[in-house]
Amino acid sequence: MKIAVIGLGYVGLSNAVLLAQHNEVVGVDILQERVDLLNSRKSSIVDKELSEFLKTKKLNLSATTDIGPAVVGAEYVIISTPTNYDEKKNQFDTATVEKVIQEVIIVEPNASMIVKSTIPVGFIDSMRQRFNTDAVIFSPEFLREGSALYDNLYPSRIIVGDKSERAEIFANLLRFGALKKD
């Protein structure tokens, strides 16, 4: 299965590596340096397990700065772009997530989009209404800096905020990549 991961920080990179064990994964980032490092099988963040997996494991993983080709043919698109809190506006800046949703709908309208960024309550419902789609789903992260891949390999829980078949399939993709089986 082809999966695109948009945003290669802690959340995106650890999910990309986790899923690339059993799927074709294309990571996308705006920073060429991150893309080059990942294509050289090096981590752009300090994380022991990420560095080890990239160096030693067989992963079906590539990276690019071009979102278009990355999402073409993808069944799932994980959106893990920054949503920094704007203290002046007293809200999260979700502009990058919104832009990615819009681009994915244009390029690959059949893809399921999994938002793994910090978002305000009601954001997913508003995106579903705005873009007239039910293919946008929230899946929160429970990761620590420096051990993001470890936390994905040994999750305490997997939460996908939808009851659809596509959500169940995604949860099973995460579970299948995990080393913790219970």
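Guide: Ser 164 sits in the loop that joins helix H7 (148–153) to helix H8 (165–177); helices (H or I, at least four residues) and strands (E, at least two) are DSSP runs, numbered from the N terminus. The model is a predicted one, in which local features need pLDDT of at least 70 and side-chain atom pairs count only at pLDDT 80 or more, while totals for chains, interfaces and linings use all residues. Residues are numbered from 1 along each chain as its sequence is written, and side-chain values use heavy atoms, with hydrogens and water left out.

Ser 164 has 22% relative accessibility and therefore counts as partly exposed, the class between buried (under 20% relative accessible area) and exposed (over 50%), with a 1.4 Å probe and protein chains only. Ile 137 is 27 residues away from Ser 164 in sequence, yet their C-alpha atoms are 9.6 Å apart in space.

Asn 132 is not a glycine, but its phi is positive, at about 50°. Because its relative accessibility is 71%, Asn 132 counts as exposed.

A positive phi, near 60°, also occurs at Arg 41, again a residue other than glycine. Arg 41 belongs to the loop between helix H2 (32–39) and helix H3 (48–56), and it counts as partly exposed because its relative accessibility is 26%.

Asn 23, in the loop between helix H1 (10–19) and strand S2 (24–28), counts as buried because its relative accessibility is 8%. A polar atom of the Asn 23 side chain lies 3.0 Å from the backbone oxygen of Leu 19. Apart from neighbours within four places in sequence, Asn 23 is in contact with Met 1, Ile 3, Asn 60 and Leu 173, contact meaning heavy atoms within 4.5 Å.

Helix H6 (residues 123–131) packs against helix H5 (residues 95–107) at an angle of about 40°, their axes being 11 Å apart; axes are lines fitted to C-alpha atoms over the stretch in contact, and angles run from 0 to 180 degrees between N-to-C directions. From H5, Val 97, Glu 98, Ile 101, Gln 102 and Ile 105 make the contact, and from H6, Phe 123, Met 127, Arg 130 and Phe 131.

Notes. Polar contact = N/O pair within 3.5 Å; in protein donor to acceptor, adjacent residues only side chain to side chain.
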